[in-house]
Amino acid sequence: MPYSYVSYLDCPKCGETYDVNTVQQLCTCGAPLLVNYDLEQLKDNLKPDELKDREDSLWRYHELLPVADCKNVISLGEGMTPLVEMSKLGSELGIKNFYMKDEGIIPTGSFKARGAAVGVSKAKELGVTELAMPTNGNAGAAWALYAARAGIKSTIAMPIDAPEITRKETAVSGANLYLVDGLISDAGKIIGKYVKDNQLYDVSTLKEPYRIEGKKTMGLEIAEQMDWEIPDVILYPTGGGVGLIGIYKALNELKELGWIKGKLPRLVAVQAAGCAPIVKAWKENKTESDFWLNSQTTAFGINVPKALGDFLVLEAIYQTGGCAIAVEDEAMLEEQEKISSMEGAFVCPEGAAAFAAVRDLRNNGWFHDEESVVVLNTGAGIKYPNTVQVEVPTLNKEAKI
Ligand SMILES: *Cc1c(COP(=O)(O)O)cnc(C)c1O
Ligand SMILES: [Zn+2]
C-alpha cells in the first residue's frame, strides 16, 4: 500500500490542475491550491479501526497527507493533542457536551506546528533548500524550527510587536530573522519582493498548498477522538483561516470515505473586534472580505487584515450553516482568566476569544439544547505572559501568612 494517496493539486477558483511532484505556489489566477487524494482507492484499502494502533502523532493519517515517502517526514511528535472535557464551564454555559481541543500541548507551543511539520516535510520531498515567509510570530517560529530540523534555510519577517517569545524561537533556530515596523501585510510585501528577487520557495499563508494539509489533521483527530460521531459545532479563532479551511476539508474527505455520516458540524469563525474582516463579509453575505484598516488586537495570531483564503473560509461557514462572530479584547482576556481558574487550562488569547464567542452565541440562543461543542485552543497561554497582569504580595523571610 502507498504511504500517501495524494494525487494532484487543483484550484478552487478556476479549476486548473497542477502536479504534486514539483514545487507549486499559487494558481496562475492568484488563488491558493488544494491537495486531492485518491479517496476511492483509499476507501477500499483502509478502515478507521486500523488507525488505533498507530503512533500518537498527526502522521497516523499519512494516507491523507501529501508526503509520498515516509523518509521525508520531519517530525517533533506533533498532533494527537487531547480533547479535554470542559464540564464546569459547560454547565455554567448550559452546554452539556463541551470540549476543548488543546493545541497548547504541541511542539513550539502553537498549532502552527501542524502546518509546519507537513509543509516542511513536503518541501524537503520536493528538494527545497531555502524558504521565506512573513508571520505574526507563531508560524514563523514553527516553520523556522521545523526547517532547521530538515536542514532547510529560512528567512522570516515579523512585526516588531509580535509576541517576544516567537522572535526568540525563530532566532534560536538559526533563521534569518527580520523585524518589521508595521503589520504582517507589510512584512508580506517585503518577503514577496525578496522571494521574487532570489527565486525562493514562498511559504506565506496559503501560498504553498501543504500547510492546510497539516492543519486538516485537527479535523481528522476530532472525528477519531469522538469515535467518528462528529460534534454539532466547532469554533475556531480565525486569522488566515487555514485551520477552518483544513477542518472543513478533512470532514469532507472523511465523509467521502464513509467514515463519518450526517450533517457536518456548523463551523464558526471567531475574530477579534479590532480585526474582523471575515465577520463583516459574513454579515454582508459576501463571498470575499475587504482589507481591514488599522487592525489591532492582543490576540496577535488572528490579526490578519485580509486573508488570501477568505473565500474558502466563507464557503465553509455558508456550507455548514455556521457563522462568524467578533469578540472584544476585554472579553477574551476575562474569559482567559475564567478558564484558568475554573478549568485549570491557561489558554492563549486566541483560544480565549473562541470561548468568549461560545458565551455570546449561547446568550443569543444560537445553540440548540444537547449540542456537542468543540473549541480549538490554538496555543499555549504561557507564550503570551504579558496578557495576564498579576499583583501578588512579596514576603520577607520571617513573614507569617
Ligand atoms: C495563527 C494563529 C491563529 C489563526 O490561525 P489561522 O489558521 O491563520 O486562521 C489562531 N491562534 C493562534 C495561536 C495562531 O498562532
Ligand atoms: Zn485558479
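Colleague: Which polar backbone atom lies 3.1 Å from an oxygen atom of ligand 1?

Modeller: One belonging to Gly243. Bear in mind that this is a predicted model. Two further contacts involve oxygen atoms of ligand 1: a side-chain N or O atom of Tyr236 sits 2.5 Å from one, and a backbone N or O atom of Gly241 is at 2.6 Å.

Colleague: How much of ligand 1 does the protein bury?

Modeller: The protein buries 96% of the 380 Å² that ligand 1 exposes when taken alone.

Colleague: Which residues come nearest to ligand 1?

Modeller: There are 18 residues around ligand 1, and the nearest are Lys112, Tyr236, Gly239, Gly241 and Thr378.

Colleague: Turning to the metal, what coordinates the zinc ion (ligand 2)?

Modeller: The SG atoms of Cys11, Cys14, Cys27 and Cys29 do, at 2.3 Å. Along the chain these donors have the spacing C-x2-C-x12-C-x1-C. Within that set, Cys14 and Cys27 are 13 residues apart and link distant parts of the chain. Cys14 is in the loop between strand 1 (6–10) and strand 2 (17–18), while Cys27 is in the loop between strand 2 and strand 3 (34–37).

Colleague: Is Cys27 buried or exposed?

Modeller: Buried means under 20% relative accessible area. Cys27 has 4%, so Cys27 is buried. Cys14, at 45% relative accessibility, counts as partly exposed.

Methods
Residues are numbered from 1 along each chain as its sequence is written. Chains are lettered from A and ligands numbered from 1 in the order in which they are written. This is a predicted model: local features need pLDDT of at least 70, side-chain atom pairs count only at pLDDT 80 or more; totals for chains, interfaces and linings use all residues. Side-chain values use heavy atoms; hydrogens and water are left out. Donors are N, O and S atoms within 2.8 Å of the metal (3.2 Å for Na, K and Ca); water is not among the atoms, so sites may look incomplete. Helices (H or I, at least four residues) and strands (E, at least two) are DSSP runs, numbered from the N terminus. Buried means under 20% relative accessible area, exposed over 50%, partly exposed in between (1.4 Å probe, protein chains only). A residue is near a molecule or strand if one of its heavy atoms lies within 4 Å of it. A polar contact is a pair of N or O atoms within 3.5 Å; within protein, one must be able to donate a hydrogen and the other to accept it, and residues adjacent in sequence count only if both atoms are side-chain atoms. Accessible areas come from the Shrake-Rupley method with a 1.4 Å probe; for residues, only the protein chains shown count as cover.
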